[in-house]
Amino acid sequence: MDKKKGVDDTEPGPAPSRPVDRFGFIKTEHSNSPEGILKSRSTHEHEREERRIRKWRKMIGVGGSDWKHYVRRKPHVVKRRIRKGIPDCLRGLVWQLISGSRDLLLMNPGVYETLVIYETSSSELEIIRDISRTFPSHIFFQQRHGPGQRSLYNVLKAYSVYDRDVGYVQGMGFIAGLLLLYMSEEDAFWLIVALLKGAVHSPMEGLYQAGLPLVQQYLCQFEKLVTEHMPKLGQHFQDEMINPSMYASQWFITVFSYSFPFHLTLRVWDVFLYEGIKVVFQVGLALLRFCHDDLVNLPFEQLLHSLRNFPEEATDPDTLLPLAFSFKVSSRLVELDKEYRKKLEGPSASSSSKRFQPLKSRVMSRASSHVSSSPNVSKK
Amino acid sequence: MAANAGNKIRNAKVVLLGDVGAGKSSLVLRFVKGQFVEFQESTIGAAFFSQTLAVSDETVKFEIWDTAGQERYHSLAPMYYRGAAAAIVVYDISNQASFIRAKKWVQELQAQGNPNTVVALAGNKADLLETRQVQIEEAKTYAQENGLFFMETSAKTATNVNDIFYEIAKRLLQGQPAQNPQAGMVLSQRPNERVVSSASCCS
(Lines give C-alpha, C1' and ligand atoms only; values in the text may rest on other atoms or scores of the structure.)
Protein backbone atom coordinates (compact mmCIF):
# COMPACT_ATOMS: atom_id res chain seq x y z
CA MET A 1 0.00 0.00 0.00
CA ASP A 2 1.74 3.14 -0.99
CA LYS A 3 -1.36 5.10 -1.59
CA LYS A 4 -0.58 8.51 -0.22
CA LYS A 5 -3.68 9.94 1.14
CA GLY A 6 -6.96 9.51 -0.52
CA VAL A 7 -10.48 10.30 0.36
CA ASP A 8 -12.30 7.15 -0.60
CA ASP A 9 -12.30 6.56 -4.29
CA THR A 10 -10.35 9.50 -5.56
CA GLU A 11 -7.01 8.22 -6.67
CA PRO A 12 -4.43 10.75 -5.57
CA GLY A 13 -2.10 11.96 -8.22
CA PRO A 14 1.58 12.58 -7.65
CA ALA A 15 1.91 14.99 -4.79
CA PRO A 16 3.54 17.96 -6.55
CA SER A 17 0.72 18.35 -9.03
CA ARG A 18 -1.82 18.99 -6.32
CA PRO A 19 -2.45 22.61 -5.46
CA VAL A 20 -0.98 23.63 -2.12
CA ASP A 21 -1.26 26.82 -0.13
CA ARG A 22 1.75 28.99 0.62
CA PHE A 23 2.71 26.80 3.56
CA GLY A 24 2.59 23.53 1.64
CA PHE A 25 -0.76 22.24 2.84
CA ILE A 26 -2.92 20.66 0.17
CA LYS A 27 -5.81 22.92 -0.52
CA THR A 28 -9.33 21.92 0.26
CA GLU A 29 -12.30 23.71 -1.22
CA HIS A 30 -12.95 25.48 2.02
CA SER A 31 -9.34 26.15 2.80
CA ASN A 32 -8.96 28.26 5.87
CA SER A 33 -5.75 29.89 4.85
CA PRO A 34 -6.21 33.29 3.27
CA GLU A 35 -4.22 32.75 0.13
CA GLY A 36 -5.00 36.22 -1.06
CA ILE A 37 -2.90 37.88 1.58
CA LEU A 38 0.41 37.48 -0.20
CA LYS A 39 -0.83 37.96 -3.71
CA SER A 40 -2.72 41.13 -3.06
CA ARG A 41 0.19 42.83 -1.40
CA SER A 42 0.89 46.23 -2.83
CA THR A 43 4.38 47.50 -3.58
CA HIS A 44 4.05 49.66 -0.53
CA GLU A 45 3.49 46.62 1.63
CA HIS A 46 6.36 44.85 -0.03
CA GLU A 47 8.67 47.68 0.80
CA ARG A 48 7.48 47.68 4.37
CA GLU A 49 8.10 43.95 4.60
CA GLU A 50 11.61 44.41 3.25
CA ARG A 51 12.33 47.15 5.76
CA ARG A 52 11.12 44.85 8.47
CA ILE A 53 13.43 42.06 7.34
CA ARG A 54 16.38 44.48 7.31
CA LYS A 55 15.57 45.57 10.85
CA TRP A 56 15.41 41.98 11.97
CA ARG A 57 18.66 41.09 10.27
CA LYS A 58 20.35 43.95 12.03
CA MET A 59 18.84 42.92 15.31
CA ILE A 60 20.02 39.31 15.19
CA GLY A 61 23.39 39.93 13.49
CA VAL A 62 25.23 37.48 11.30
CA GLY A 63 24.08 33.97 12.16
CA GLY A 64 22.40 35.31 15.29
CA SER A 65 25.59 36.65 16.86
CA ASP A 66 24.03 39.89 18.13
CA TRP A 67 20.78 38.43 19.40
CA LYS A 68 21.60 37.93 23.07
CA HIS A 69 23.14 41.34 23.33
CA TYR A 70 20.11 42.96 21.73
CA VAL A 71 17.64 41.09 23.93
CA ARG A 72 19.52 42.15 27.04
CA ARG A 73 19.67 45.75 25.93
CA LYS A 74 16.22 46.23 24.48
CA PRO A 75 13.91 43.45 25.60
CA HIS A 76 10.82 45.56 24.96
CA VAL A 77 11.75 46.30 21.38
CA VAL A 78 12.26 42.59 20.84
CA LYS A 79 8.93 41.79 22.42
CA ARG A 80 7.12 44.36 20.31
CA ARG A 81 8.70 43.17 17.09
CA ILE A 82 7.99 39.53 17.86
CA ARG A 83 4.36 40.35 18.51
CA LYS A 84 4.17 41.90 15.06
CA GLY A 85 5.42 38.62 13.61
CA ILE A 86 8.86 37.29 12.77
CA PRO A 87 9.61 37.51 9.03
CA ASP A 88 9.00 34.08 7.59
CA CYS A 89 12.44 33.83 6.00
CA LEU A 90 14.10 34.31 9.39
CA ARG A 91 11.60 32.43 11.49
CA GLY A 92 13.50 29.14 11.83
CA LEU A 93 16.67 30.83 12.97
CA VAL A 94 14.94 33.27 15.29
CA TRP A 95 12.92 30.52 16.96
CA GLN A 96 16.17 28.76 17.77
CA LEU A 97 17.66 31.96 19.14
CA ILE A 98 14.67 32.85 21.28
CA SER A 99 14.34 29.40 22.77
CA GLY A 100 18.06 29.03 23.36
CA SER A 101 18.10 25.75 21.46
CA ARG A 102 21.10 26.96 19.45
CA ASP A 103 23.20 26.85 22.59
CA LEU A 104 21.99 23.36 23.44
CA LEU A 105 22.99 22.19 20.01
CA LEU A 106 26.45 23.72 20.27
CA MET A 107 27.04 22.30 23.73
CA ASN A 108 26.02 18.80 22.75
CA PRO A 109 27.79 17.92 19.53
CA GLY A 110 27.03 14.46 18.20
CA VAL A 111 24.37 13.72 20.80
CA TYR A 112 21.45 13.83 18.41
CA GLU A 113 23.12 11.51 15.97
CA THR A 114 23.83 9.00 18.70
CA LEU A 115 20.23 9.07 19.87
CA VAL A 116 18.93 8.50 16.37
CA ILE A 117 21.35 5.82 15.30
CA TYR A 118 22.30 3.82 18.37
CA GLU A 119 19.48 4.06 20.85
CA THR A 120 16.23 2.17 20.90
CA SER A 121 13.04 3.49 22.37
CA SER A 122 10.11 1.67 23.89
CA SER A 123 7.87 4.19 22.15
CA GLU A 124 8.95 3.29 18.63
CA LEU A 125 5.76 1.47 17.72
CA GLU A 126 3.56 4.21 19.09
CA ILE A 127 5.50 6.81 17.16
CA ILE A 128 5.32 4.85 13.93
CA ARG A 129 1.56 4.55 14.23
CA ASP A 130 1.22 8.31 14.39
CA ILE A 131 3.74 9.32 11.74
CA SER A 132 1.46 9.18 8.74
CA ARG A 133 -1.27 10.79 10.83
CA THR A 134 0.66 13.97 11.54
CA PHE A 135 -0.11 16.82 9.15
CA PRO A 136 -1.33 14.24 6.59
CA SER A 137 -2.39 17.07 4.33
CA HIS A 138 1.05 18.64 4.09
CA ILE A 139 3.14 17.68 1.08
CA PHE A 140 6.31 17.34 3.14
CA PHE A 141 4.78 14.74 5.43
CA GLN A 142 2.54 13.05 2.96
CA GLN A 143 4.85 10.67 1.22
CA ARG A 144 5.13 7.36 3.02
CA HIS A 145 8.66 6.90 4.32
CA GLY A 146 9.58 10.10 2.52
CA PRO A 147 12.04 12.60 3.95
CA GLY A 148 9.36 14.40 5.97
CA GLN A 149 8.08 11.27 7.68
CA ARG A 150 11.61 10.02 8.30
CA SER A 151 12.66 13.27 9.95
CA LEU A 152 9.53 13.31 12.04
CA TYR A 153 10.20 9.78 13.22
CA ASN A 154 13.84 10.49 14.02
CA VAL A 155 13.09 13.60 16.04
CA LEU A 156 10.32 11.96 18.05
CA LYS A 157 12.30 8.80 18.65
CA ALA A 158 15.38 10.75 19.68
CA TYR A 159 13.34 12.76 22.14
CA SER A 160 11.66 9.69 23.59
CA VAL A 161 15.12 8.29 24.35
CA TYR A 162 16.57 11.57 25.58
CA ASP A 163 13.71 12.10 28.03
CA ARG A 164 12.53 8.63 28.99
CA ASP A 165 10.17 9.96 31.65
CA VAL A 166 8.14 11.73 29.01
CA GLY A 167 8.85 9.40 26.12
CA TYR A 168 6.42 10.02 23.32
CA VAL A 169 3.09 11.74 23.82
CA GLN A 170 0.49 12.16 21.09
CA GLY A 171 0.52 15.80 20.16
CA MET A 172 4.30 16.13 20.19
CA GLY A 173 4.25 15.06 16.55
CA PHE A 174 2.46 18.24 15.55
CA ILE A 175 5.02 20.35 17.36
CA ALA A 176 7.90 18.44 15.79
CA GLY A 177 6.19 18.70 12.41
CA LEU A 178 5.74 22.44 12.74
CA LEU A 179 9.41 22.88 13.63
CA LEU A 180 10.59 20.64 10.81
CA LEU A 181 8.98 22.96 8.30
CA TYR A 182 11.39 25.65 9.47
CA MET A 183 14.61 23.89 10.47
CA SER A 184 16.69 20.75 10.26
CA GLU A 185 16.00 17.59 12.22
CA GLU A 186 18.75 18.23 14.69
CA ASP A 187 17.69 21.86 15.22
CA ALA A 188 14.09 20.76 15.71
CA PHE A 189 15.15 18.16 18.26
CA TRP A 190 17.06 20.67 20.37
CA LEU A 191 14.21 23.13 20.19
CA ILE A 192 11.88 20.50 21.62
CA VAL A 193 14.44 19.86 24.35
CA ALA A 194 14.52 23.60 25.03
CA LEU A 195 10.73 23.72 25.26
CA LEU A 196 10.36 20.78 27.60
CA LYS A 197 13.53 20.85 29.61
CA GLY A 198 14.60 24.43 29.44
CA ALA A 199 17.35 26.53 27.96
CA VAL A 200 16.39 30.18 28.30
CA HIS A 201 13.09 29.23 29.87
CA SER A 202 11.03 26.08 29.54
CA PRO A 203 7.53 27.03 28.49
CA MET A 204 6.31 23.44 28.21
CA GLU A 205 8.02 21.89 31.18
CA GLY A 206 5.89 19.23 32.81
CA LEU A 207 3.18 19.48 30.18
CA TYR A 208 3.39 15.86 29.07
CA GLN A 209 3.68 14.14 32.44
CA ALA A 210 1.54 11.07 33.04
CA GLY A 211 -2.04 12.10 33.61
CA LEU A 212 -1.35 15.48 32.02
CA PRO A 213 -1.78 17.28 35.35
CA LEU A 214 -0.52 20.55 33.97
CA VAL A 215 -3.01 20.48 31.12
CA GLN A 216 -5.77 19.92 33.67
CA GLN A 217 -4.49 22.87 35.66
CA TYR A 218 -4.35 25.14 32.62
CA LEU A 219 -7.88 24.18 31.63
CA CYS A 220 -9.07 24.97 35.08
CA GLN A 221 -7.34 28.35 35.05
CA PHE A 222 -8.71 29.04 31.60
CA GLU A 223 -12.25 28.34 32.76
CA LYS A 224 -11.83 30.86 35.58
CA LEU A 225 -10.42 33.49 33.24
CA VAL A 226 -13.33 33.04 30.84
CA THR A 227 -15.79 33.60 33.67
CA GLU A 228 -13.90 36.64 34.89
CA HIS A 229 -13.45 38.32 31.52
CA MET A 230 -16.71 37.22 29.88
CA PRO A 231 -19.19 36.47 32.66
CA LYS A 232 -22.12 36.07 30.30
CA LEU A 233 -20.31 33.49 28.20
CA GLY A 234 -18.94 31.76 31.28
CA GLN A 235 -22.49 31.40 32.58
CA HIS A 236 -23.69 30.15 29.21
CA PHE A 237 -20.95 27.51 29.15
CA GLN A 238 -22.05 26.43 32.60
CA ASP A 239 -25.68 26.25 31.60
CA GLU A 240 -24.82 24.20 28.54
CA MET A 241 -22.41 22.02 30.54
CA ILE A 242 -19.47 22.87 28.36
CA ASN A 243 -16.13 22.69 30.06
CA PRO A 244 -12.87 23.79 28.48
CA SER A 245 -11.40 20.31 28.14
CA MET A 246 -14.04 19.74 25.45
CA TYR A 247 -12.59 22.36 23.16
CA ALA A 248 -9.34 23.74 24.55
CA SER A 249 -7.24 20.74 25.57
CA GLN A 250 -5.48 20.59 22.23
CA TRP A 251 -4.75 24.32 22.43
CA PHE A 252 -2.58 23.67 25.46
CA ILE A 253 -1.25 20.25 24.48
CA THR A 254 0.01 21.41 21.09
CA VAL A 255 0.11 25.20 21.53
CA PHE A 256 -2.35 25.67 18.67
CA SER A 257 -0.34 23.57 16.24
CA TYR A 258 -3.08 20.95 15.87
CA SER A 259 -6.08 21.48 13.68
CA PHE A 260 -5.73 25.24 13.55
CA PRO A 261 -5.17 27.73 10.70
CA PHE A 262 -1.46 27.50 10.04
CA HIS A 263 -0.77 31.20 9.44
CA LEU A 264 -2.11 31.89 12.92
CA THR A 265 -0.22 28.96 14.46
CA LEU A 266 3.04 30.54 13.30
CA ARG A 267 2.27 33.91 14.81
CA VAL A 268 1.21 32.32 18.09
CA TRP A 269 4.48 30.37 18.16
CA ASP A 270 6.54 33.51 17.58
CA VAL A 271 5.10 34.94 20.77
CA PHE A 272 4.90 31.67 22.69
CA LEU A 273 8.62 31.08 22.38
CA TYR A 274 9.41 34.50 23.82
CA GLU A 275 6.63 35.07 26.32
CA GLY A 276 5.59 31.58 27.31
CA ILE A 277 2.35 29.72 27.90
CA LYS A 278 0.31 32.79 28.80
CA VAL A 279 -0.18 33.55 25.13
CA VAL A 280 -2.21 30.35 24.81
CA PHE A 281 -4.60 31.72 27.42
CA GLN A 282 -4.68 35.10 25.71
CA VAL A 283 -5.35 33.71 22.25
CA GLY A 284 -8.00 31.39 23.66
CA LEU A 285 -9.73 34.31 25.36
CA ALA A 286 -9.45 36.42 22.20
CA LEU A 287 -11.12 33.71 20.10
CA LEU A 288 -13.98 33.54 22.56
CA ARG A 289 -14.25 37.33 22.77
CA PHE A 290 -14.27 37.69 19.00
CA CYS A 291 -17.12 35.20 18.64
CA HIS A 292 -18.73 36.10 21.95
CA ASP A 293 -22.04 37.42 20.63
CA ASP A 294 -22.61 34.33 18.52
CA LEU A 295 -21.46 31.86 21.14
CA VAL A 296 -23.76 33.11 23.89
CA ASN A 297 -26.75 32.21 21.77
CA LEU A 298 -25.75 28.71 20.72
CA PRO A 299 -26.94 25.46 22.27
CA PHE A 300 -24.56 22.66 23.34
CA GLU A 301 -23.97 20.97 20.05
CA GLN A 302 -23.56 24.03 17.84
CA LEU A 303 -21.46 25.58 20.54
CA LEU A 304 -19.02 22.67 20.39
CA HIS A 305 -18.92 22.91 16.64
CA SER A 306 -18.22 26.63 16.69
CA LEU A 307 -15.50 26.21 19.28
CA ARG A 308 -13.68 23.88 16.91
CA ASN A 309 -14.32 25.85 13.73
CA PHE A 310 -13.71 29.53 14.16
CA PRO A 311 -14.65 31.80 11.26
CA GLU A 312 -11.91 33.09 9.01
CA GLU A 313 -12.22 36.67 10.28
CA ALA A 314 -11.50 35.43 13.80
CA THR A 315 -8.27 33.75 12.80
CA ASP A 316 -6.61 36.70 11.09
CA PRO A 317 -3.48 37.18 13.21
CA ASP A 318 -3.48 40.96 12.79
CA THR A 319 -6.95 41.16 14.28
CA LEU A 320 -6.77 38.37 16.80
CA LEU A 321 -3.35 38.93 18.34
CA PRO A 322 -3.85 42.57 19.32
CA LEU A 323 -7.11 41.46 20.90
CA ALA A 324 -5.25 38.65 22.65
CA PHE A 325 -2.62 41.01 24.07
CA SER A 326 -5.35 43.25 25.43
CA PHE A 327 -6.11 40.55 27.99
CA LYS A 328 -3.79 41.13 30.92
CA VAL A 329 -3.51 37.73 32.49
CA SER A 330 0.00 37.30 33.92
CA SER A 331 -0.59 38.20 37.53
CA ARG A 332 -4.02 36.58 37.63
CA LEU A 333 -2.49 33.37 36.30
CA VAL A 334 0.04 33.34 39.10
CA GLU A 335 -2.75 33.77 41.66
CA LEU A 336 -4.88 31.07 40.08
CA ASP A 337 -1.87 28.81 40.01
CA LYS A 338 -1.38 29.26 43.74
CA GLU A 339 -5.06 28.65 44.41
CA TYR A 340 -5.05 25.53 42.32
CA ARG A 341 -2.06 24.05 44.05
CA LYS A 342 -3.40 24.91 47.44
CA LYS A 343 -6.59 23.09 46.60
CA LEU A 344 -4.68 20.04 45.46
CA GLU A 345 -2.67 20.01 48.64
CA GLY A 346 -5.78 20.70 50.68
CA PRO A 347 -7.53 17.57 51.95
CA SER A 348 -4.80 15.09 51.16
CA ALA A 349 -1.47 16.80 50.99
CA SER A 350 0.42 14.50 48.71
CA SER A 351 3.62 14.46 46.81
CA SER A 352 1.73 15.52 43.72
CA SER A 353 2.18 19.12 44.76
CA LYS A 354 5.77 18.84 43.70
CA ARG A 355 4.70 18.46 40.14
CA PHE A 356 3.32 21.92 40.06
CA GLN A 357 6.02 24.42 40.06
CA PRO A 358 5.02 28.02 40.37
CA LEU A 359 3.57 29.19 37.12
CA LYS A 360 5.61 32.32 37.41
CA SER A 361 8.74 30.45 36.55
CA ARG A 362 7.10 29.10 33.45
CA VAL A 363 5.41 32.26 32.36
CA MET A 364 8.15 34.75 32.32
CA SER A 365 11.40 33.82 33.95
CA ARG A 366 13.91 34.89 31.47
CA ALA A 367 16.47 35.84 34.06
CA SER A 368 18.62 32.76 33.99
CA SER A 369 20.02 31.94 30.65
CA HIS A 370 21.60 28.78 31.93
CA VAL A 371 21.56 25.85 29.69
CA SER A 372 20.06 23.12 31.72
CA SER A 373 21.54 19.76 31.06
CA SER A 374 19.89 18.03 33.97
CA PRO A 375 18.46 14.85 32.57
CA ASN A 376 15.38 14.73 34.72
CA VAL A 377 13.35 17.83 35.33
CA SER A 378 10.57 16.07 37.11
CA LYS A 379 12.91 15.10 39.92
CA LYS A 380 13.72 18.68 40.73
CA MET B 1 -29.83 6.80 8.27
CA ALA B 2 -31.88 9.90 7.91
CA ALA B 3 -34.14 10.84 10.72
CA ASN B 4 -37.83 10.63 10.07
CA ALA B 5 -39.47 13.89 10.76
CA GLY B 6 -42.18 14.06 13.32
CA ASN B 7 -41.29 11.22 15.62
CA LYS B 8 -39.61 11.25 18.97
CA ILE B 9 -35.95 12.09 19.10
CA ARG B 10 -33.90 10.65 21.91
CA ASN B 11 -30.41 11.82 22.68
CA ALA B 12 -27.78 9.24 23.49
CA LYS B 13 -24.23 9.96 24.46
CA VAL B 14 -21.76 7.48 22.99
CA VAL B 15 -18.05 7.32 23.69
CA LEU B 16 -15.37 5.57 21.62
CA LEU B 17 -12.46 4.06 23.49
CA GLY B 18 -9.51 2.03 22.29
CA ASP B 19 -5.85 1.89 21.44
CA VAL B 20 -3.92 4.37 19.29
CA GLY B 21 -4.65 3.82 15.64
CA ALA B 22 -7.41 1.24 16.18
CA GLY B 23 -9.69 3.33 14.01
CA LYS B 24 -11.97 5.13 16.43
CA SER B 25 -12.03 8.38 14.47
CA SER B 26 -12.37 6.52 11.20
CA LEU B 27 -15.43 4.63 12.46
CA VAL B 28 -17.01 7.89 13.54
CA LEU B 29 -16.13 9.64 10.31
CA ARG B 30 -17.62 6.78 8.29
CA PHE B 31 -20.79 6.81 10.35
CA VAL B 32 -21.24 10.56 10.49
CA LYS B 33 -19.96 11.68 7.10
CA GLY B 34 -19.77 8.48 5.06
CA GLN B 35 -16.10 9.18 4.41
CA PHE B 36 -12.87 7.30 4.86
CA VAL B 37 -9.41 8.81 4.91
CA GLU B 38 -6.45 6.44 4.76
CA PHE B 39 -4.37 8.60 7.08
CA GLN B 40 -6.72 10.09 9.57
CA GLU B 41 -5.06 12.79 11.68
CA SER B 42 -4.39 11.60 15.24
CA THR B 43 -7.00 12.76 17.72
CA ILE B 44 -5.63 15.08 20.38
CA GLY B 45 -7.87 15.53 23.39
CA ALA B 46 -11.31 14.50 22.22
CA ALA B 47 -13.63 15.34 19.36
CA PHE B 48 -17.39 15.65 19.26
CA PHE B 49 -19.76 14.53 16.50
CA SER B 50 -23.44 13.92 16.20
CA GLN B 51 -25.61 11.79 13.96
CA THR B 52 -29.20 10.67 14.01
CA LEU B 53 -30.46 7.21 13.25
CA ALA B 54 -34.03 6.08 12.74
CA VAL B 55 -35.00 2.83 14.41
CA SER B 56 -38.52 1.71 13.52
CA ASP B 57 -40.67 4.65 14.57
CA GLU B 58 -38.17 6.34 16.77
CA THR B 59 -35.09 8.43 16.17
CA VAL B 60 -31.94 8.28 18.19
CA LYS B 61 -29.62 11.19 18.08
CA PHE B 62 -26.11 10.11 18.93
CA GLU B 63 -23.82 12.58 20.65
CA ILE B 64 -20.50 10.96 19.96
CA TRP B 65 -17.26 11.60 21.84
CA ASP B 66 -14.22 10.34 20.04
CA THR B 67 -11.26 10.13 22.41
CA ALA B 68 -7.49 10.09 22.05
CA GLY B 69 -6.09 6.58 22.21
CA GLN B 70 -2.79 7.04 23.96
CA GLU B 71 -2.33 5.79 27.50
CA ARG B 72 -1.08 9.24 28.50
CA TYR B 73 -4.51 10.66 27.80
CA HIS B 74 -6.19 8.03 29.94
CA SER B 75 -6.94 10.47 32.73
CA LEU B 76 -9.11 12.54 30.42
CA ALA B 77 -11.34 9.60 29.44
CA PRO B 78 -13.62 9.28 32.50
CA MET B 79 -15.34 12.58 31.82
CA TYR B 80 -16.38 11.20 28.45
CA TYR B 81 -17.52 7.72 29.47
CA ARG B 82 -19.23 8.74 32.69
CA GLY B 83 -22.86 9.21 31.95
CA ALA B 84 -22.56 7.72 28.49
CA ALA B 85 -25.51 5.68 27.32
CA ALA B 86 -23.19 3.53 25.23
CA ALA B 87 -19.52 2.88 24.70
CA ILE B 88 -17.82 1.38 21.67
CA VAL B 89 -14.53 -0.23 22.58
CA VAL B 90 -12.47 -0.50 19.42
CA TYR B 91 -9.51 -2.71 18.59
CA ASP B 92 -7.68 -3.47 15.37
CA ILE B 93 -8.01 -7.13 14.28
CA SER B 94 -4.50 -6.99 12.87
CA ASN B 95 -2.99 -5.93 16.19
CA GLN B 96 -3.10 -8.23 19.22
CA ALA B 97 -1.89 -5.49 21.56
CA SER B 98 -4.91 -3.37 20.69
CA PHE B 99 -7.19 -6.26 21.73
CA ILE B 100 -5.45 -6.46 25.10
CA ARG B 101 -5.93 -2.73 25.48
CA ALA B 102 -9.60 -3.10 24.56
CA LYS B 103 -10.05 -5.62 27.37
CA LYS B 104 -8.57 -3.11 29.78
CA TRP B 105 -11.09 -0.52 28.65
CA VAL B 106 -13.90 -3.03 29.17
CA GLN B 107 -12.66 -3.74 32.68
CA GLU B 108 -12.47 -0.06 33.43
CA LEU B 109 -15.99 0.51 32.15
CA GLN B 110 -17.26 -2.38 34.27
CA ALA B 111 -15.50 -1.01 37.33
CA GLN B 112 -16.04 2.72 36.91
CA GLY B 113 -18.80 3.20 34.41
CA ASN B 114 -22.53 3.13 34.68
CA PRO B 115 -23.87 -0.46 34.82
CA ASN B 116 -26.61 0.48 32.36
CA THR B 117 -24.16 1.57 29.70
CA VAL B 118 -24.45 -0.52 26.56
CA VAL B 119 -20.96 -1.67 25.67
CA ALA B 120 -20.09 -2.72 22.14
CA LEU B 121 -16.83 -4.34 21.12
CA ALA B 122 -15.72 -3.48 17.60
CA GLY B 123 -12.98 -5.46 15.87
CA ASN B 124 -12.09 -2.85 13.31
CA LYS B 125 -10.01 -3.09 10.13
CA ALA B 126 -11.88 -6.28 9.27
CA ASP B 127 -10.73 -5.77 5.68
CA LEU B 128 -7.17 -6.65 6.74
CA LEU B 129 -7.80 -10.39 6.71
CA GLU B 130 -4.30 -11.28 5.65
CA THR B 131 -2.69 -9.70 8.65
CA ARG B 132 -5.31 -10.77 11.17
CA GLN B 133 -3.96 -11.40 14.66
CA VAL B 134 -7.15 -11.54 16.68
CA GLN B 135 -9.39 -14.47 15.83
CA ILE B 136 -13.06 -13.78 15.54
CA GLU B 137 -13.93 -16.68 17.88
CA GLU B 138 -11.64 -15.36 20.58
CA ALA B 139 -13.29 -11.96 20.51
CA LYS B 140 -16.78 -13.42 20.33
CA THR B 141 -16.19 -15.61 23.37
CA TYR B 142 -14.72 -12.71 25.28
CA ALA B 143 -17.69 -10.54 24.41
CA GLN B 144 -20.19 -13.19 25.51
CA GLU B 145 -18.44 -13.73 28.80
CA ASN B 146 -18.53 -10.04 29.50
CA GLY B 147 -21.99 -9.19 28.33
CA LEU B 148 -20.88 -7.04 25.40
CA PHE B 149 -22.17 -7.21 21.92
CA PHE B 150 -19.54 -7.76 19.31
CA MET B 151 -19.06 -6.98 15.64
CA GLU B 152 -16.16 -6.90 13.30
CA THR B 153 -16.20 -3.63 11.41
CA SER B 154 -14.32 -1.91 8.66
CA ALA B 155 -14.40 1.85 8.45
CA LYS B 156 -12.59 1.53 5.14
CA THR B 157 -15.18 -0.65 3.40
CA ALA B 158 -18.06 0.58 5.60
CA THR B 159 -18.80 -2.99 6.71
CA ASN B 160 -20.95 -3.11 9.86
CA VAL B 161 -20.35 0.54 10.70
CA ASN B 162 -23.94 1.69 10.49
CA ASP B 163 -24.95 -1.68 11.86
CA ILE B 164 -23.07 -1.32 15.10
CA PHE B 165 -24.67 2.07 15.75
CA TYR B 166 -28.04 0.69 14.72
CA GLU B 167 -27.64 -2.19 17.16
CA ILE B 168 -26.71 0.24 19.92
CA ALA B 169 -29.76 2.33 19.17
CA LYS B 170 -32.00 -0.72 19.27
CA ARG B 171 -30.60 -1.88 22.58
CA LEU B 172 -30.96 1.57 24.07
CA LEU B 173 -34.57 1.75 23.02
CA GLN B 174 -35.32 -1.75 24.30
CA GLY B 175 -33.47 -1.26 27.53
CA GLN B 176 -35.11 1.98 28.49
CA PRO B 177 -38.61 2.61 27.32
CA ALA B 178 -39.52 6.25 27.26
CA GLN B 179 -40.63 7.17 30.76
CA ASN B 180 -41.28 10.72 29.88
CA PRO B 181 -42.41 10.80 26.29
CA GLN B 182 -42.95 14.52 26.05
CA ALA B 183 -39.39 15.20 27.09
CA GLY B 184 -38.16 12.61 24.67
CA MET B 185 -34.64 12.50 25.92
CA VAL B 186 -34.24 10.18 28.83
CA LEU B 187 -31.47 7.99 27.55
CA SER B 188 -28.48 9.96 28.54
CA GLN B 189 -30.02 11.86 31.44
CA ARG B 190 -28.25 14.77 29.96
CA PRO B 191 -28.15 17.26 32.81
CA ASN B 192 -26.68 14.79 35.32
CA GLU B 193 -24.24 13.48 32.85
CA ARG B 194 -22.91 16.90 32.12
CA VAL B 195 -22.73 17.84 35.75
CA VAL B 196 -20.33 14.98 36.22
CA SER B 197 -18.36 16.20 33.26
CA SER B 198 -17.86 19.68 34.49
CA ALA B 199 -17.12 18.54 38.01
CA SER B 200 -13.99 16.85 36.75
CA CYS B 201 -12.50 20.23 36.08
CA CYS B 202 -12.21 22.58 38.96
CA SER B 203 -15.47 24.42 39.39
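This is a predicted model: local features need pLDDT of at least 70, side-chain atom pairs count only at pLDDT 80 or more; totals for chains, interfaces and linings use all residues.
B:Ser154 sits in the loop between strand 6 (149-152) and helix 5 (161-175) of chain B; helices (H or I, at least four residues) and strands (E, at least two) are DSSP runs, numbered from the N terminus. With 0% relative accessibility, B:Ser154 counts as buried. Buried means under 20% relative accessible area, exposed over 50%, and partly exposed in between (1.4 Å probe, protein chains only). A polar atom of the B:Ser154 side chain also lies 3.0 Å from the backbone nitrogen of B:Thr157. Leaving aside neighbours within four places in sequence, B:Ser154 is in contact (heavy atoms within 4.5 Å) with residues including B:Asn124, B:Lys125 and B:Asp127.

One of those partners, B:Lys125, is worth a stop of its own. B:Lys125 belongs to the loop between strand 5 (118-124) and helix 4 (136-145) of chain B. Its phi is near 65 degrees, a positive value in a residue other than glycine. B:Lys125 is partly exposed, at a relative accessible area of 24%.

Now over to chain A and its helix 14 (residues 231-239), where A:Leu233, A:Gly234, A:His236 and A:Phe237 are buried. Seen down the helix axis, the buried residues fall within an arc of 160 degrees, so they line one face of helix 14; the arc is that of the directions from the helix axis to the C-beta atoms. These buried residues pack against helix 13 (213-229), helix 17 (278-290), helix 18 (292-295) and helix 19 (300-308) of chain A. The face turned away from the buried side carries the exposed residues A:Pro231 and A:Lys232. Just after helix 14, A:Met241 takes a positive phi of about 60 degrees.

A:Met241 also leads us to the other chain. Chain A and chain B bury about 3900 Å² between them, 54% of it on carbon and sulfur atoms; buried area is the accessible area (1.4 Å probe) that two parts lose on being put together, summed over both. In chain A, A:Arg133, A:Gln170 and A:Met241 lose the most area to chain B, together 18% of what that side buries. In terms of contacts, 49 residues of chain A meet 42 residues of chain B.

Two salt bridges are counted between chain A and chain B, each a side-chain nitrogen of Lys or Arg within 4 Å of a carboxyl oxygen of Asp or Glu. B:Lys61 forms a salt bridge with A:Glu301, with the closest N and O atoms 2.4 Å apart. On the side of chain A that touches chain B, the elements that give two or more residues include helix 8 (124-131), helix 13 and helix 19. Helix 13 of chain A provides the largest share of that side, five residues.

Notes: Residues are numbered from 1 along each chain as its sequence is written. Chains are lettered from A and ligands numbered from 1 in the order in which they are written. Side-chain values use heavy atoms; hydrogens and water are left out. A polar contact is a pair of N or O atoms within 3.5 Å; within protein, one must be able to donate a hydrogen and the other to accept it, and residues adjacent in sequence count only if both atoms are side-chain atoms.
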